[in-house]
Amino acid sequence: MMKYILFFLCLGIGVLSAREFDVGILLDSRDPAYAEKKSYQKQASEYKSKLAAMKLKVKEVNADIFQSANQAEAAKYKRIFIPHWHMVFPLAAYDGMNEYIRGGGLILTDSILSGIDTDGDFKMNYTTSLTKKQKRPDHPRPGFHAPTGVVAHSSVEVQSITPLLQCPVTLGLTSGETTPMNFKMRQVTNHRATVVVTGDGVRKDQEFKAMPVVTFLHEGKGAFLYIPVNVELFFKNAFSEETLDWLCDQ
């Protein structure tokens, strides 16, 4: 009898630990004025429509998902998508992101994720410490770096891309082959991530070569994936089951 009880308990644990949602999309801007902007509403709607078209089970989440007390809730999501308008988080939330991916989760983003929120308003302002100011004596965590492994800032125009790896994220492209492709994204500098795709283009009339365009950073059983989400090919590939299986052990 006891072995049957244990069997069903194990089944129950398996059900409870299963990741219930394909994607948690962080749409809570914590700024009512920003949330009312038509551009924000349009882009948020487009993201949800694209994910729905991919037959993914999606649920909106807010920034509290990364609080330590909410890790069990975060574990219900195979992936969490952080759009570009989320640039500032408390240090505890960054720690929560790392905890989530170490447990096998995948965080996808095109955000700079380098602002440390010091006053609880989730806004980039004078009370917020940025990565580039980490040497300030009042910085809350000296040596802090963006958890994605890259630093992103300003805006550039990419005119061609070159995949460095043949993998699910680059499906439809050939490794080592340069393809003309025009889009805008942040200027990216790599610190400790693996570069999947590079790009050539211009920034303020100055040419740049081999800038990181797509990168990933492994932590434990999961990963951060930095992508230009406005590029349809990368968006679809990044949210595919193949990419999830490639980067994460769930």
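Buried means under 20% relative accessible area, exposed means over 50%, and partly exposed lies in between (1.4 Å probe, protein chains only). The structure is a predicted model, in which local features need pLDDT of at least 70, side-chain atom pairs count only at pLDDT 80 or more, and totals for chains, interfaces and linings use all residues. Residues are numbered from 1 along each chain as its sequence is written, and side-chain values use heavy atoms, with hydrogens and water left out.

Leucine 165 is partly exposed, at a relative accessible area of 30%. This residue sits in the loop between strand E8 (150-163) and strand E9 (179-190). Strands (E, at least two residues) and helices (H or I, at least four) are DSSP runs, numbered from the N terminus.

The largest nonpolar core has 47 residues. Such a core is a set of buried Ala, Val, Leu, Ile, Met, Phe, Trp, Tyr and Cys residues joined through side-chain atoms within 4.5 Å. Phe81, Met185, Val214, Leu225 and Phe239 have the most contacts inside the largest core. Strand E11 (residues 206-219) gives the most to this core, with six residues. A second, separate core holds 23 residues, including Val61, Phe66, Ile107 and Ile116. In soluble globular proteins, nonpolar side chains tend to be buried together.

Contact means heavy atoms within 4.5 Å. With neighbours within four places in sequence left aside, the contacts of leucine 225 include Leu106, Ile107, Val169, Val214, Phe216 and Leu247.

The whole structure contains eleven aromatic pairs. Rings of Phe, Tyr and Trp (its six-membered ring) pair if their centres lie within 6.5 Å; planes under 30 degrees apart count as stacked, over 60 as edge-to-face and the rest as tilted. Phenylalanine 81 and phenylalanine 235 pair edge-to-face, at 6.3 Å centre to centre and 80° between the planes. Phenylalanine 81 lies in strand E3 (residues 77-82) and phenylalanine 235 in helix H6 (residues 232-238), so the pair ties together parts 154 residues apart in sequence. Phenylalanine 81 is buried, at 0% relative accessibility. Phenylalanine 235 is buried, at 0% relative accessibility.

Phenylalanine 216 and tryptophan 246 also form an edge-to-face pair, at 5.2 Å centre to centre and 70° between the planes. This pair links distant parts of the chain, with phenylalanine 216 in strand E11 and tryptophan 246 in helix H7 (residues 241-247), 30 residues apart. Phenylalanine 216 is buried, at 9% relative accessibility. Tryptophan 246 is partly exposed, with a relative accessible area of 31%.
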